[in-house]
Amino acid sequence: MSRREEYVQRAETLLAPIVEANGYELVDMEYVKEAGEWYLRAYIDKPGGFTLDDCELVSREFSEKLDEEDFIDGSYILEVSSPGLDRPLKKEKDFERSMGKLVEIRTYRPVDKQKEFCGTLTAYDSNSVTIEEEGQPRTFEKKDIALIRLAIEF
């Protein structure tokens, strides 16, 4: 396990009780370097939407736990936010919640000379995702998918 994965795993373990106690859902967490700075980001949601007050509450409690444990070497910036409308589907509950909805898929390599697809999510399992695109089923191996998220319709 890489240092980055270890940090994310330990941070999720600290954050999970805070999130659950307040009726929220931990959607995703990442530890990434951007523009020379390390960021520990937690994406949280709840039915009806995640507010600024929710963000502040979780951020304060989580920051205290991180300070107590102090397991991340070096400095980093903590961010707690909503995953947004276009959040990626990563966990089984994300796929479950999105069944029958319009999704966008981007692949790593072209499939039939294209890398972007849009269709209704009709099936998924641990290895694949199936959408209905223009009345035709299309199945993708998860390992070939760079990004899958809900499509935003205007």
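Is Phe-50 buried or exposed? In this predicted model, Phe-50 counts as buried, with a relative accessibility of 14%. The cut-off for this class is under 20% relative accessible area.

**Aromatic pairs**

A pair of aromatic rings is described by the distance of the centres and the angle of the planes. The structure holds six aromatic pairs. One of them joins Tyr-24 and Phe-50: the ring centres are 5.3 Å apart and the planes stand at 85 degrees, so the arrangement is edge-to-face, the class for angles over 60 degrees. This pair connects distant parts of the chain, as its members are 26 residues apart. Tyr-24 belongs to the loop between helix H1 (3–21) and strand S1 (25–34), while Phe-50 belongs to the loop between strand S2 (37–45) and helix H2 (52–69). Tyr-24 is buried as well, at a relative accessible area of 12%.

A single aromatic cluster is formed by Tyr-7, Tyr-31, Trp-38 and Phe-71.

**Charges over rings**

Trp-38, a member of that cluster, also has Arg-3 over its face. Tyr-39 has the charged end of Arg-41 over its ring. The distances to the ring centres are listed below.

| Charged residue | Ring | Distance to ring centre |
|---|---|---|
| Arg-3 | Trp-38 | 5.9 Å |
| Arg-41 | Tyr-39 | 4.6 Å |

**Annotated span**

An unreviewed UniProt entry places the feature "domain: Ribosome maturation factor RimP N-terminal" at residues 14–86. In the model, the end C-alpha atoms of residues 14–86 lie 26 Å apart, and the span is 36% helix and 33% strand.

Note on methods: Residues numbered from 1 in each chain as written. Predicted model: local features only at pLDDT ≥ 70, side-chain atom pairs only at ≥ 80, totals over all residues. Heavy atoms only, no water. Phe/Tyr/Trp six-rings, centres within 6.5 Å; stacked < 30°, edge-to-face > 60°. Helix = DSSP H or I, 4+ residues; strand = E, 2+ residues; numbered from the N terminus. Buried < 20%, exposed > 50% of the residue type's maximum accessible area, 1.4 Å probe, protein only. Lys NZ or Arg CZ within 6 Å of the ring centre and 35° of its normal. UniProt positions renumbered as here; feature names shortened; annotations may be inferred.
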